[in-house]
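Let us take a friendly walk through this model, starting with one residue's surroundings and then stepping back to the whole chain.

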Amino acid sequence: MMDIKVLIVDDHAVVRDGLRAVLDAKPGIKVVGEAADGVSCMKKAFELHPDLVLMDLSMPNGRDGLYTTSELLQSMPEIKVIILTMHDEEQYLYRALKAGASGYILKSAPISELMTAIMQVHQGLVYLHPNATKKVIEGYLQGQTREATDSFETLTEREKEILTLVAKGYTNKEAAELLTISVKTIENHKANIMEKLQLNNRRELMKFALQRGLLDFD
């Protein structure tokens, strides 16, 4: 039986190293590569042709695990993706499944659960962490997915501030200077905003801000 070829995608080197050490010790699994972000994930996938990708949810440069999963599966639909994350919220689970992921497991899970997820997903099944309730699963399968709260209200006050500034045309540098924070912090907040609001680009962000009445320039 051929080994399951796994690509590990996480922006933290210590996480990648830990996963590689654990998986390399398991019979039937071969870690063929690692990637630190969405761009390198796509490159590695085309080079290495993994059977399965362990995908972090939160990654830099505006290309989070959900965006990368969707992009990857459009190009290589034969690959299976398991989202490996710290986020236990229902909204992330729904969106991961919509993006095409076959598994969703928490980083706090024991190694035995991760192994179960890998084996089941490789066999063509879907694996969700045990805390995913029956209601959540049935709601998704029946196409009745709905957000528990207004997505705008999931933003922090700081994220709402940055959303407004970006929609008004402020550059990252200008917004950083105005709020007395670093440009990197602005970029991280923007990535979180796009993820929470399920937006893909600045145009969609501006449309959302206009609908919410955030573009009052008085």
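## Lys-196 and its neighbours

Beyond the residues within four places in sequence, Lys-196 is in contact with Gln-91, Tyr-92, Arg-95, Ser-151, Thr-154, Leu-155, Thr-156 and Glu-159, where contact means heavy atoms within 4.5 Å. Lys-196 counts as buried because its relative accessibility is 14%; buried means under 20% relative accessible area, exposed over 50%, and partly exposed in between (1.4 Å probe, protein chains only).

The side chain of Lys-196 makes a polar contact with the side chain of Glu-159 at 2.9 Å, and a polar atom of the Lys-196 side chain lies 3.1 Å from the backbone oxygen of Thr-154. A polar contact is a pair of N or O atoms within 3.5 Å; within protein, one must be able to donate a hydrogen and the other to accept it, and residues adjacent in sequence count only if both atoms are side-chain atoms.

## How the model is read

This is a predicted model, in which local features need pLDDT of at least 70 and side-chain atom pairs count only at pLDDT 80 or more, while totals for chains, interfaces and linings use all residues. Residues are numbered from 1 along each chain as its sequence is written, and side-chain values use heavy atoms, with hydrogens and water left out.

## Lys-190 in helix α9

Lys-196 has its place in helix α9, and Lys-190 lies in helix α9 (residues 183-197) too. With 23% relative accessibility, Lys-190 counts as partly exposed. The side chain of Lys-190 makes a polar contact with that of Asn-172 at 3.0 Å.

## The whole chain

Of the chain's 218 residues, 43% count as buried.

Notes:
Helix = DSSP H or I, 4+ residues; strand = E, 2+ residues; numbered from the N terminus.
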